[in-house]
Amino acid sequence: MTTRTFPAPTAILRHAVLLVTAALILAPFVWMVSLSIKPPGEIFRASFSFWPEQFYGIENYTKAITQAPLLRYMLNGVIVCASILALQIAVCAPAAYALAKLEFAGRDLLFALVLIALLLPHEVLALPLFILGAKIGVLNTYAALIFPYVVSPFGIFLFRQFFKTIPDDVVHAARLDGYSELGIVWKIMVPMALPAIIAFGIFSVVSHWNSLFWPLIAVRDQNLMPPPLGIMAFKNEEAGNDYGPLMAASTLVVAPLAIAFLAAQRWFVEGLARGAVK
């Protein structure tokens, strides 16, 4: 006779909290997708149903793509996010290696400054960055959207924590083989830190793809607008109160992020887990 084992009450409570939290997080996205396939007459009904009585998705998504330069906004987002991520890795990886593996005066102080910078929201720097951008003449260009984010305190912190988990013997062996310090960074440390780079890449791309505050200040040319700012222009100029195409545009903007995260979630979790050690 076999005895059945039941989950402990704490496990049931934990899973219930996780399910409720996941439902609260996913509810706006489900609502957005539902509205993107509904005709105007069904959007503001008192009762909610995910699937519409009259499927209006083709019309809404066609309007989202044709009545506003949505593809141009998304291309701008790709250019800006890819440029920011590449420059952040180029800056953060050597800085993190120096803080993790090199001995020099003031290293702990510099790391403390990195931790302090983590606490400061980027909006605090908006005014001085705007004045600096106006002085050097880069406002309303791609440079204005990219260069304020080149140095990432979170990237330095995450890479430094990951590099600390790599044995010092690996670094010593590379030096004996004749590698320079930069050679060690790019040929040894960065390939070994690929999970951390993927995790940071997801954070960076999501953050800057969804950024609205700084682009709203830095650019006015519609041809330079990233997706969130472009959707605002789409709503104000084209869609008006036609929320179906607006929700369709929002769904198209969010979809690449969701697909990328689902494809890379294993490396994302591994990068955060190993970066949290030590």
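The model is predicted.

The largest pocket has a volume of about 690 Å³. Its lining has 24 residues, and L120, H122, Y149, S152 and P153 are the closest to the centre. Two or more lining residues come from each of α5 (107-119), α8 (153-164), α11 (194-209) and α12 (213-218). The largest share is that of α11, with five residues. By class, this lining has 16 nonpolar residues, seven polar and one charged.

The second largest pocket comes to about 510 Å³. Of the 16 residues that line this pocket, L26, F29, V254, L257 and A258 lie nearest its centre. Helices α1 (9-36) and α14 (243-275) each give at least two residues to that lining. Here the division is 13 nonpolar, three polar and no charged.

Back to α11, this time for its packing. Which angle do the axes of α4 and α11 make where they cross? The axes of α4 (residues 70-101) and α11 cross at roughly 140° and come within 9 Å. Only angles over 145 degrees count as roughly antiparallel, so α4 is oblique to α11. The crossing of these two helices is right-handed.

On the α4 side, the contact is made by M74, G77, V78, C81, I84, L85, Q88 and I89. They meet I197, F200, G201, S204, V205, H208 and W209 of α11. That contact holds 10 nonpolar residues, five polar and no charged.

Note on methods. Residues are numbered from 1 along each chain as its sequence is written. This is a predicted model: local features need pLDDT of at least 70, side-chain atom pairs count only at pLDDT 80 or more; totals for chains, interfaces and linings use all residues. Side-chain values use heavy atoms; hydrogens and water are left out. On a 1 Å grid over the protein atoms alone, a cavity is a set of points where a 1.4 Å probe fits but cannot get out, and a pocket is an open set with protein on both sides within 12 Å along at least five of seven lines; lining residues have an atom within 4 Å of a point. Grid points are joined across faces, edges and corners, and a volume is the space filled by probe spheres set on the points. Helices (H or I, at least four residues) and strands (E, at least two) are DSSP runs, numbered from the N terminus. Ala, Val, Leu, Ile, Met, Phe, Trp, Tyr, Cys and Pro count as nonpolar, Asp, Glu, Lys and Arg as charged, and the others, Gly among them, as polar. Axes are lines fitted to C-alpha atoms, for helices over the stretch in contact, and angles run from 0 to 180 degrees between N-to-C directions. Angles under 35 degrees count as roughly parallel, over 145 as roughly antiparallel, 65 to 115 as roughly perpendicular and the rest as oblique. A crossing is left-handed if the near helix is turned anticlockwise from the far one by less than a right angle, and right-handed if clockwise. Contact means heavy atoms within 4.5 Å.
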